[in-house]
Each structure stands twice: as C-alpha cells, then as structure tokens.
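User: Hello! I am new to this structure and would like to learn how to read it. Could you walk me through it?

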Amino acid sequence: MTETGQVGREDQINKTDSHVETVVDDEMVLMDIEHGNFYSLTDTGKRIWELIDGPTRVDTLVERLTAEYDVAENECIEHLSGLLHDLQQRGLVTVTPA
C-alpha cells in the first residue's frame, strides 16, 4: 500500500489477531480487543471482510467483487483501497506489499 492509501494488485491482505467479530442482523461488528473500539461493516464492506479469509491478494478480491457486483474494475480498486487503508489504520488488517 502506498502512502496515499492505494493498494497494489499483488499486495496481500490479512486480518489481524487484535479483534473479535460477529454478525448482528445484516452487519459485521468488529471489536478491537486492545482498545475496546467497535466498528461496523455493512453491505459491500461486510462482503469484503468475509472474502479476507486468510492471506488474500488484492487482485483476488477485485476479481470476486467485480463478478458479484456491477462495478468497473478501476472503481472497485479505488473503493477497495479506501476501505483497506481505513481497516489498516485501525489495526484490523495488515497489507503486505508484493
């Protein structure tokens, strides 16, 4: 991930061990166990979280999301980068450059 928050297609995403997660109704609720902060992911954000099942490359996420949703690849990468940057800043995922 670059300083501007843009991910590379071959970057690898991993969930960290510093959270617990549960589904409540239609949202994924995450709690940062180190700081006690709660986060909520709905709709596409929830689906992205579900797709990060172990080490996951960005291009794999883009491929799955563009197949499941009516979204152009460039737009998908842009929005995915924003979410991954946000999750990384909160300590919920790690992004390992290719």
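User: Which hand does the crossing of H2 and H3 have?

Analyst: In this predicted model, H2 and H3 cross in a right-handed way. The residues that make the contact are Val 58, Leu 61, Val 62, Leu 65 and Thr 66 on the H2 side, and Glu 73, Cys 76, Ile 77, Leu 80 and Leu 84 on the H3 side. Sorted by class, this contact of H2 with H3 holds eight nonpolar residues, one polar and one charged.

User: At what angle do H2 and H3 pack, and how far apart are their axes?

Analyst: The angle is about 125°, and the axes lie 10 Å apart. H2 and H3 are therefore oblique to each other.

User: Now for the other pair. At what angle do the axes of H1 and H2 cross?

Analyst: Helix H2 covers residues 58–68, and its axis crosses that of H1 at roughly 135°. The two axes come within 11 Å. H1 and H2 are therefore oblique to each other, and their crossing is right-handed.

User: Which residues make that contact?

Analyst: From H1 come Thr 44, Arg 47, Ile 48 and Leu 51, while H2 brings Leu 61, Arg 64, Leu 65 and Glu 68. By class, the contact of H1 with H2 has four nonpolar residues, one polar and three charged.

User: Let's turn to pockets. How much space lies in the largest pocket?

Analyst: First, the general idea: rolling a probe the size of a water molecule over the atoms shows where empty space is left. Here, the largest pocket holds about 150 Å³ of space.

User: Which residues line the largest pocket?

Analyst: Its lining consists of Thr 44, Ile 48, Leu 65, Tyr 69, Val 71, Glu 75, Cys 76, His 79, Leu 80 and Leu 83. Seven of these lining residues are nonpolar, two are polar and one is charged.

User: Which helix gives the largest share of that lining?

Analyst: That is H3, with five residues. Helix H1 (43–51) and helix H3 (73–89) each supply at least two residues of the lining.

Terms used. Residues numbered from 1 in each chain as written. Predicted model: local features only at pLDDT ≥ 70, side-chain atom pairs only at ≥ 80, totals over all residues. Heavy atoms only, no water. 1 Å grid on protein atoms, 1.4 Å probe; cavity = no way out; pocket = protein on both sides within 12 Å on 5 of 7 lines; lining within 4 Å. Points joined across faces, edges and corners; volume = space filled by probe spheres on them. Helix = DSSP H or I, 4+ residues; strand = E, 2+ residues; numbered from the N terminus. Nonpolar A, V, L, I, M, F, W, Y, C, P; charged D, E, K, R; others polar. Axes fitted to C-alpha atoms, helices over the stretch in contact; angles between N-to-C directions. Parallel < 35°, antiparallel > 145°, perpendicular 65-115°, else oblique. Left-handed = near helix turned anticlockwise from the far one by under 90°. Contact = heavy atoms within 4.5 Å.
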